[in-house]
Amino acid sequence: MTLDLSQELHPIPKPFPKGKKPRKFIGAGVKTQNWNEGRDDLKKKFGGWGITSCEIKFEGCLKDNFLGFAHTERRQHLTPEDVRNADKVVLACQPCHNTVDFEMARKESKDLLEGIIKNREPEE
């Protein structure tokens, strides 16, 4: 004889849904850390020299707004020492930096930046 289980109720609770894994924070890499430290050094050097506005001065230049450092080479081709070297960098506003990096031929932009560096007269 079999048991009649139709009158029995044994509910099984639903399992909790699995949540998303929390993202792991990946810190800045060696190149980024070097660039951040190098940028601080360059700011001090350029401030000491009295260079506080865009050195490129193309049409549409923002002069002393949105400044950054335009390198003569792509960052992937620079050594950690070159990133910090003021002889490889020009202070540029964002529109001028964009023109040099993406709108000009690489050789032409390198020649332009090296010419600006060569003619620079820092106030020491």
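The legends below describe close-up views of a predicted model.

In this predicted model, local features need pLDDT of at least 70 and side-chain atom pairs count only at pLDDT 80 or more, whereas totals for chains, interfaces and linings use all residues. Residues are numbered from 1 along each chain as its sequence is written, and side-chain values use heavy atoms, with hydrogens and water left out.

View 1. Helix H4 covers residues 106–119, and its 14 residues reach 20 Å from the first C-alpha to the last, close to the 20 Å expected at 1.5 Å a residue; the expected span is 1.5 Å times one less than the number of residues. Helices (H or I, at least four residues) and strands (E, at least two) are DSSP runs, numbered from the N terminus. The buried residues of H4 are Ser-109, Leu-113, Ile-116 and Ile-117, where buried means under 20% relative accessible area, exposed over 50% and partly exposed in between (1.4 Å probe, protein chains only). Seen down the helix axis, these buried residues fall within an arc of 100°, so they line one face of H4; the arc is that of the directions from the helix axis to the C-beta atoms. An α-helix has 3.6 residues a turn, so residues three or four places apart point the same way. Lys-107, Lys-118 and Asn-119 are exposed on the other side of H4, while the cover over its buried residues includes strand S1 (67–71), strand S2 (89–93) and helix H3 (94–103).

**View 2. Strand S2 and its pairing with S1.** Strands S1 and S2 run antiparallel and are joined by 5 bridges, two strands being paired if DSSP finds at least two bridges between them. The bridge partner of Ala-70 in S2 is Val-90. From S2, Val-89, Leu-91 and Cys-93 point one way and Val-90 and Ala-92 the other way, all of them buried. Because 5 of the 5 residues of S2 are buried, the strand is largely enclosed by the rest of the structure.

View 3. Val-90, leaving out residues up to four places away in sequence, touches Glu-55, Ile-56, Gly-68, Phe-69, Ala-70, Leu-113, Ile-116, Ile-117 and Arg-120, contact meaning heavy atoms within 4.5 Å. In H3, the residues Cys-96, His-97, Thr-99, Val-100 and Asp-101 are buried, and the buried residues of this helix pack against S1, S2 and H4.

View 4. Arg-84 is partly exposed at 25% relative accessibility, as is Asp-41 at 29%. Arg-120 forms a salt bridge with Glu-55, their closest N and O atoms being 3.0 Å apart. Since Arg-120 lies in the segment after H4 and Glu-55 in the loop between H1 and S1, the pair ties together parts that are 65 residues apart in sequence. Both Arg-120 and Glu-55 are buried.

**View 5. Charged side chains along H4.** Lys-107 forms a salt bridge with Asp-111, the closest N and O atoms lying 3.2 Å apart, and the two residues, 4 apart in helix H4, are separated by about one helical turn. Lys-107 is exposed, with a relative accessible area of 59%, whereas Asp-111 is partly exposed, at 38%. Lys-110 is also placed in helix H4 and counts as partly exposed at 27% relative accessibility. Apart from neighbours within four places in sequence, Lys-110 is in contact with Thr-72 and Glu-73.

Key:
A salt bridge is a side-chain nitrogen of Lys or Arg within 4 Å of a carboxyl oxygen of Asp or Glu.
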